[in-house]
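Student: I want to go through this model step by step. Can we take one topic at a time?

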Amino acid sequence: MISSSEESITHKKISYEQKTFIKTSLRQLGINSKNNGFIVIQKVIKYAYEKDMISINLEDIYRYIAKLTSKSNKTIESIIRYALYNVNSKQFSSNYEKIFGIDFSFEFFSLKNFISDFLDILETIK
């Protein structure tokens, strides 16, 4: 039985347009679509959006993706790190600014900010 507090929580569903934006953007950023990290990063962004995360909790995200993929949290983290560290930095930087409309700096780059930037754009796409 669903409690009244659970009924009041609405879970967002990601639309086809939003899924397409995520895939296209990741490709434009130079993340290899044949790399395992490409799929994992998509799942991370979708999960954060559907859970309406205001504060990005990477450990919760890793735990969720680990359950989906039957891998450990550390493996998920490594897969993401590998995918992000093996991009053409010039292409990533240039297209990041085009996609998100903000200046990019590798010095201040973090996965939390990356996810947050995607969430901001996804909110405008319905």
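This is a predicted model: local features need pLDDT of at least 70, side-chain atom pairs count only at pLDDT 80 or more; totals for chains, interfaces and linings use all residues.

Student: What is the volume of the largest pocket?

Tutor: Start with the lining by class: 6 nonpolar, 1 polar and 2 charged residues. Among the lining residues are Glu77 and Arg81, and both types count as charged. The volume of the largest pocket is about 180 Å³.

Student: How are α3 and α5 oriented to each other?

Tutor: Helix α3 covers residues 36-50. The axes of α3 and α5 come within 8 Å and cross at roughly 110°. Angles of 65 to 115 degrees count as roughly perpendicular. So α3 is, relative to α5, roughly perpendicular.

Student: How many nonpolar residues are in the contact of α3 with α5?

Tutor: From α3 come Asn36, Gly37, Val40, Ile41 and Val44, and they meet Ile76, Ile79, Ile80, Ala83 and Leu84 in α5. The contact has 2 polar residues and no charged ones. Gly counts as polar here. The nonpolar residues number 8.

Student: What hand does the crossing of α2 past α7 have?

Tutor: Helix α2 spans residues 16-28, and helix α7 spans residues 111-122. The two pack at about 140°, with axes 11 Å apart. That angle makes them oblique to each other. The crossing of α2 past α7 is right-handed.

Student: Which residues of α7 meet α2?

Tutor: On the α2 side, the residues are Gln18, Phe21, Ile22, Ser25 and Leu26. By class, the contact of α2 with α7 has 7 nonpolar, 2 polar and no charged residues. The α7 residues are Phe114, Phe118, Ile121 and Leu122.

Student: Are α3 and α7 oblique or perpendicular to each other?

Tutor: The axes of α3 and α7 lie 10 Å apart, and the packing angle is about 60°. Roughly perpendicular would need 65 to 115 degrees. Therefore α3 and α7 are oblique.

Student: How many nonpolar residues does the contact of α3 with α7 have?

Tutor: α3 passes α7 in a right-handed crossing. Ile41, Val44, Ile45, Ala48 and Tyr49 of α3 make the contact with Phe114, Ile115, Phe118, Leu119 and Leu122 of α7. The contact of α3 with α7 holds no polar and no charged residues. Its nonpolar count is 10.

Note on methods:
Residues are numbered from 1 along each chain as its sequence is written. Side-chain values use heavy atoms; hydrogens and water are left out. On a 1 Å grid over the protein atoms alone, a cavity is a set of points where a 1.4 Å probe fits but cannot get out, and a pocket is an open set with protein on both sides within 12 Å along at least five of seven lines; lining residues have an atom within 4 Å of a point. Grid points are joined across faces, edges and corners, and a volume is the space filled by probe spheres set on the points. Axes are lines fitted to C-alpha atoms, for helices over the stretch in contact, and angles run from 0 to 180 degrees between N-to-C directions. Helices (H or I, at least four residues) and strands (E, at least two) are DSSP runs, numbered from the N terminus. Angles under 35 degrees count as roughly parallel, over 145 as roughly antiparallel, 65 to 115 as roughly perpendicular and the rest as oblique. Contact means heavy atoms within 4.5 Å. A crossing is left-handed if the near helix is turned anticlockwise from the far one by less than a right angle, and right-handed if clockwise.
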